[in-house]
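Biologist: Can you walk me through this model? Let's start with the charged pairs.

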Amino acid sequence: MDRPSTRIHRRSAPRGAQRGAALLAAMVIVTIVVTIASSMVWQQWRAVQVESAERGVAQSQWILRGALDWGRLILRADNSTVDHLGEPWAVPLAEARISSFLASDQGNNSADEEGPEAFLSGQIYDVQARVNLWALIDNQGDINLIQLAVLQRLCEYLSLPTSVADLIAQSLRRAWLARSDDPVMLAKLGGNSGRQQAPVMPQTVDQLVWLGVDAGVVERLRPYVALLVDDHGDPLPEGVVNLNTSPREVLAAALEIDLGRADRLVQYRQRNPFKDVNEISNVLGTAAGQTANGVAVTSNYFEITGRLRLEDSVMQKRYLVRRLNKTILVLFETTAAGKDMPAGQGGP
């Protein structure tokens with residue numbers, strides 16, 4: 001009777017091993033399935049997040065385009081023969097709540113609607129209230145010494161070394177020459193070797209750091225300088241600033257006067273905007289022909305800034321525009337985004 005029981009015991013061992021192998025295989029299969037499913041879920045989640053982000057950017061761009069349309073409307077409606085800070089274009093567009101337009105499931109302005117809080121604001125700046133850095137370079141690729149002196153005086157009034165003006169002028173000249181295929185211009189740069197060492201041409205004031213200018217210095221210069229371009233995006237050597245809109249530092253630098261006399265001009269124009277540059281003599285008591293060089297009472301270049309605040313994130317778009325009669329042409333645009341980015345005057 002012992003042998004049959006021994007045979008039965010020997011047959012049961014392989015079946016137990018098979019059950020263990022089957023269980024192990026099942027666990028492996030489940031692990032693979034779970035891994036694949038997790039990967040598919042993650043990819044699906046990532047696709048939704050990317051699509052949501054792209055949709056948010058597209059919505060933001062569309063809303064900020066509204067700030068450009070607002071600025072165009074204001075500038076077209078301006079029928080004044082002079083441009084000054086008392087005109088409608090100089091009044092900022094106050095921050096307005098627009099969350100209801102972004103909420104996908106709401107169509108009203110109720111206070112209890114779901115969705116993020118979104119606010120839009122805007123501002124128009126007169127770019128000709130600043131010193132145009134491209135005026136440092138004339139059409140022959142040489143440094144305009146008169147404009148260099150203006151920038152040097154501006155640096156002095158801003159408590160910056162005048163060597164900053166020299167650095168900017170020399171670097172902009174090299175960048176300007178490097179973009180030309182004219183053999184004469186290339187020879188001024190020192191040939192192909194000089195072109196290879198020339199800095200990249202900046203398009204915004206922030207990009208002055210490409211020229212070796214310290215970031216802190218750029219921040220100090222930002223409200224007072226600009227980089228004007230023409231309809232084709234080429235540098236524009238326009239060196240005239242608006243007497244009615246320029247800050248006292250720019251006026252003092254352009255007119256070669258001290259800050260005290262520049263303050264008198266600012267106080268005078270607050271009551272009576274200048275209608276002609278010859279009115280300078282009413283304030284300064286000097287011959288207008290000797291004092292009013294480099295200033296005007298009208299402007300053709302403006303910066304339209306739109307700012308969209310979505311919770312703690314901010315997107316800001318700047319448009320450099322040229323006004324010619326009733327036509328408002330966009331010359332250049334930049335976009336910036338960040339967390340709690342402060343509003344402020346930029347520089348094209």
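Modeller: A search of the whole structure finds 16 salt bridges. A salt bridge is a side-chain nitrogen of Lys or Arg within 4 Å of a carboxyl oxygen of Asp or Glu. This is a predicted model: local features need pLDDT of at least 70, side-chain atom pairs need 80 or more, and totals for chains, interfaces and linings use all residues. Residues are numbered from 1 along each chain as its sequence is written, and side-chain values use heavy atoms, without hydrogens and water.

Biologist: Which residue forms a salt bridge with Glu95?

Modeller: Arg307 does, with the closest N and O atoms 3.9 Å apart. The pair links distant parts of the chain, 212 residues apart. Glu95 is in strand β1 and Arg307 is in strand β7. Strands are DSSP runs (E, at least two residues), helices likewise (H or I, at least four), numbered from the N terminus.

Biologist: Is Arg307 buried or exposed?

Modeller: Arg307 counts as buried, at 12% relative accessibility. Glu95 is partly exposed, at 39%. Buried means under 20% relative accessible area, exposed over 50%, partly exposed in between (1.4 Å probe, protein chains only).

Biologist: What does Arg153 meet in a salt bridge?

Modeller: Its partner is Glu256, at 3.9 Å, N to O. Arg153 sits in helix α3, and Glu256 in the loop between α8 and α9. Arg153 is buried, with a relative accessible area of 16%. Glu256 is exposed, at 58%.

Biologist: And which residue pairs with Arg318 in a salt bridge?

Modeller: Glu303, with the closest N and O atoms 3.8 Å apart. At 1% relative accessibility, Glu303 counts as buried. Arg318 is buried too, at 18%.
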